[in-house]
Amino acid sequence: MAEEPKTGASAPETAGASGGAAVTSAPKLKTRKPKQRACDEKDPKGKLCNGHLKRWYDYPQEIAALIGPAAEIYRCEFCKTLYRPDPAQQPHSYTQRY
Ligand SMILES: [Zn+2]
């Protein structure tokens with residue numbers, strides 16, 4: 001009795017077409033200008049986004065890897081551009097080393 005090695009049982013097709021929608025693209029990360037409250041990103045047509053920058057608390061892991069686990073981060077409500085706080089305006093949680 002010769003047993004056939006079970007290799008390649010009904011060749012699995014690679015699911016989906018490669019080069020499709022790659023969702024995990026690195027988000028755009030900018031730094032807020034002093035007193036900046038609205039997004040200053042421009043769309044391909046040159047129109048100012050002007051979206052409201054909202055404090056973003058529950059960001060996912062991949063964002064945490066980018067900015068840190070408990071970082072202060074803001075996100076445009078329209079284009080989802082991320083904004084770091086203005087370094088000139090120190091956050092209250094800033095631990096200053098002596
Ligand atoms: Zn925007």
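Two strands count as paired if DSSP finds at least two bridges between them. Helices (H or I, at least four residues) and strands (E, at least two) are DSSP runs, numbered from the N terminus. What you see is a predicted model, in which local features need pLDDT of at least 70, side-chain atom pairs count only at pLDDT 80 or more, and totals for chains, interfaces and linings use all residues. Residues are numbered from 1 along each chain as its sequence is written.

Let us begin with the overall plan. The protein chain has 1 helix and 4 strands, and from the N terminus on its elements follow the order β-β-α-β-β.

The 4 strands form an open sheet in the order β1-β4-β3-β2, with mixed pairing. At its edges are β1 (29-31) and β2 (53-55), each pairing on one side only. Strands of a sheet pair through backbone hydrogen bonds, either parallel or antiparallel. Strand β3 (residues 74-76) and strand β4 (residues 82-84) take the antiparallel sense, over 2 bridges. Within this pairing, Y74 has Y83 in β4 as its bridge partner.

Now follow the chain into the loop between β3 and β4, where you will find F78. Is F78 buried, exposed or partly exposed? A residue is buried if 20 or more other C-beta atoms, placed from the backbone, lie within 10 Å of its own, exposed if 12 or fewer, and partly exposed in between. F78 is partly exposed because 14 other C-beta atoms lie within 10 Å. F78 and C39 are 39 residues apart in sequence, yet 8.6 Å apart in space, C-alpha to C-alpha.
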